[in-house]
Amino acid sequence: MTEQVTLYHPWPKQRFARDLIWGRGIEQLLYGGAAGGGKSMFVRSLAAELAVKWPGSVVGIFRRTDAELQANHVNPWLEEVDPFVPGGRFFQQKMEYHWPSPPWCWCPKDDPCAHSSRTAFRHVDDNRGARKHQGSEFAAVLEDEATHFRGADTDFLYTRVRASAAD
């Protein structure tokens, strides 16, 4: 049996935000505060939790620029998550982390498969803004530093969410 590892230990405000999402069914949460308050870590921890809870899902983590995305999410993800997830793989060209096959899947357990969740790292800094993700479908959209996004981009990204109301 594989030993379970806790990837994130949430702070009190992060636990409160998580309880709002799971306990009260909050679909949109604006989580702010001073620099160093753990907002980016909360986004990564929520993306990891959703990948495990929703096999086969695609969860998008968004920042305004690619440089911010790399510094605040991709690099920490490769340090905080990847070493502790046997069978998970990061694809730099796609900017996606593919989780291993879920336990109930018949696919080989060492490789991601069609039933694997994906965490997609995306940015919206060009002239098209969020519309460059027009064909995308996400189970959840997690914007980090949402105040850096235009309101129209935030609204548009929310239209890319395809999770059912029952989820």
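This is a predicted model: local features need pLDDT of at least 70, side-chain atom pairs count only at pLDDT 80 or more; totals for chains, interfaces and linings use all residues.

Biologist: How many aromatic pairs does the rule give?

Modeller: The count comes to 7 aromatic pairs.

Biologist: Why is the pair of W77 and Y97 called edge-to-face?

Modeller: The ring centres of W77 and Y97 are 5.6 Å apart and the planes stand at 65 degrees. Centres within 6.5 Å make a pair, and planes over 60 degrees apart count as edge-to-face; the pair is therefore edge-to-face.

Biologist: What makes W77 and Y97 count as buried?

Modeller: Buried means under 20% relative accessible area. W77 has 0%, and Y97 also has 0%, so both residues count as buried.

Biologist: Which kind of aromatic pair do Y97 and W99 form?

Modeller: Y97 and W99 form an edge-to-face pair, with 5.4 Å from centre to centre and 85 degrees between the planes. W99 has a relative accessibility of 6%, and therefore counts as buried. One aromatic cluster is formed by W77, F90, Y97, W99 and F121.

Biologist: How do you know that the charged end of K53 sits over the ring of W22?

Modeller: The limit on distance is 6 Å from the ring centre, together with an angle within 35 degrees of the ring normal. The charged end of K53 is 3.9 Å from the centre of the W22 ring and sits over that ring. The charged end of K94 likewise sits over the ring of F91, 5.8 Å from its centre.

Note on methods:
Residues are numbered from 1 along each chain as its sequence is written. Side-chain values use heavy atoms; hydrogens and water are left out. Rings of Phe, Tyr and Trp (its six-membered ring) pair if their centres lie within 6.5 Å; planes under 30 degrees apart count as stacked, over 60 as edge-to-face and the rest as tilted. Buried means under 20% relative accessible area, exposed over 50%, partly exposed in between (1.4 Å probe, protein chains only).
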